[in-house]
Amino acid sequence: VLYYATDDGFVVPVMKMIPWEEGIGKAALGYLMDTDANRASAALMGLKTVIPEGTELSLRIDSEGEATLDFSGFTPHASVVNTLAEFSSINSVRITLDGQKVSTLPNGTNVKQAMTPFALNTEDGEISAGTEGVTALTLYFPNRSASLNVPVTRYTEEGSGIETAMRALIKGPENAALRCCFPEGTELISADLFDGVATVNVSAEFLSAQYTEGLDAAAYTTMYLTASALEPIYELNILVEGEPYEFNAAVSAPLYVNEFASLGG
């Protein structure tokens, strides 16, 4: 899973099948480098590479799962840290520049300590991460062209359960570059998550989603991804006023947030 940038300034995870090789972490970062081939491949999905072509990098991983990533002439992007953290052998990433430990990067990022994955695409708002009693929710919204699912971090004082997450999802995104998948007036009646099964009950206004092609399927995907961010699930049931919702076409659980279509594509 690689983390790319988008034209709208978001960072998004995308599954890409790549050939296995020794040093697979460094090889994975190579696909984020701005070469002609990588740029063309990413552009097909509305994505942008994040590492300038010609950047030299080295990577080593210790027995405790801390990766040390050394760059030359480049300020690392959050997508680099999050990409490396996708590997089970890596718990945190320490950044060095030209072989030297530094306290801050040229952009001001504090790198005194090893870094864990960044919260992505944080919404602006009155509530900040440091406010007491605040939790971070990861919500998923499609971009306006519906070509990508974008993770968004929203801070809330309403708790971190599935009801809070689904209510926030139905409310929609703050950023106009993202799309809400729920018809106006849709309200959450209840939501629960138990033993890998999420059940979400919404008001009758949701029924009008069937009149916009692909909208109810997109709502299913974003609900599934948002519930999965709370804990792993294998099933999502959508109810409308307590009755099972019937989709216009078959829907399936997303294995990845986004994915390239083919090997190396």
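Trainee: What covers the buried residues of helix 3?

Mentor: The cover includes strand 1 (2–6), strand 2 (11–14), helix 1 (24–30), strand 4, strand 5 (66–72) and strand 6. Helices and strands here are DSSP runs, numbered from the N terminus, with at least four residues of H or I for a helix and at least two of E for a strand. This is a predicted model, in which local features need pLDDT of at least 70, side-chain atom pairs count only at pLDDT 80 or more, and totals for chains, interfaces and linings use all residues. Residues are numbered from 1 along each chain as its sequence is written, and side-chain values use heavy atoms, with hydrogens and water left out.

Trainee: Why is helix 3 called largely enclosed?

Mentor: Six of its eight residues are buried, so the rest of the structure largely encloses helix 3. They are Ser79, Val80, Val81, Asn82, Thr83 and Leu84.

Trainee: What makes Val80 count as buried?

Mentor: Buried means under 20% relative accessible area, exposed means over 50%, and partly exposed lies in between (1.4 Å probe, protein chains only). Val80 has 0% relative accessibility, so it counts as buried. Its place is in helix 3, residues 78–85.

Trainee: With which residues is Val80 in contact, leaving aside its neighbours within four places in sequence?

Mentor: Leu29, Ile51, Leu69 and Phe71. Contact means heavy atoms within 4.5 Å.

Trainee: What makes a group of residues a nonpolar core?

Mentor: The members are buried Ala, Val, Leu, Ile, Met, Phe, Trp, Tyr and Cys residues, joined through side-chain atoms within 4.5 Å. The largest such core has 64 residues, and those with the most contacts inside it are Leu47, Leu69, Ile95, Met166 and Phe206. In soluble globular proteins, nonpolar side chains tend to be buried together. Beyond four places in sequence, the contacts of Leu47 include Val12, Val14, Leu148 and Phe260.

Trainee: Why is helix 4 called largely enclosed?

Mentor: Seven of the 10 residues of helix 4 (residues 162–171) are buried, so the rest of the structure largely encloses this helix. Among them are Ile162, Met166 and Leu169. Its buried residues are covered by elements including strand 8, strand 9, strand 10 (188–194), strand 11 (197–202) and helix 5 (215–228).

Trainee: What makes Thr226 count as buried?

Mentor: Its relative accessible area is 1%, so Thr226 counts as buried. Thr226 sits in helix 5. Leaving aside neighbours within four places in sequence, Thr226 is in contact with residues including Ala165, Met166 and Leu169.

Trainee: Is Asp98 buried or exposed?

Mentor: Asp98 has 51% relative accessibility, so it counts as exposed. Asp98 is found in the loop between strand 6 and strand 7, and its phi is near 55°, a positive value in a residue other than glycine.

Trainee: How do you know that strand 6 and strand 7 pair?

Mentor: Two strands pair if DSSP finds at least two bridges between them. Strand 6 (residues 92–97) and strand 7 have two bridges, in the antiparallel sense. Leu97 stands opposite Gln100 in strand 7.

Trainee: Which strands stand at the edges of the sheet?

Mentor: This open sheet of four strands has the order 4-5-6-7, with mixed pairing. Strand 4 (56–61) and strand 7 (100–101) each have a single partner strand, so one side of each is left without a neighbour in the sheet.

Trainee: How many bridges join strand 8 to strand 9?

Mentor: Eight, and the two strands run antiparallel. They form a hairpin with six residues between them, and Ala146 in the turn has a positive phi of about 60°.

Trainee: What makes a space a cavity?

Mentor: On a 1 Å grid over the protein atoms alone, a cavity is a set of points where a 1.4 Å probe fits but cannot get out, and lining residues have an atom within 4 Å of a point. Grid points are joined across faces, edges and corners, and a volume is the space filled by probe spheres set on the points. The search finds one cavity of 30 Å³ or more. Its lining is Tyr4, Lys16, Tyr31, Asn38, Ser41, Ala42 and Phe260.

Methods. On a 1 Å grid over the protein atoms alone, a cavity is a set of points where a 1.4 Å probe fits but cannot get out, and a pocket is an open set with protein on both sides within 12 Å along at least five of seven lines; lining residues have an atom within 4 Å of a point.
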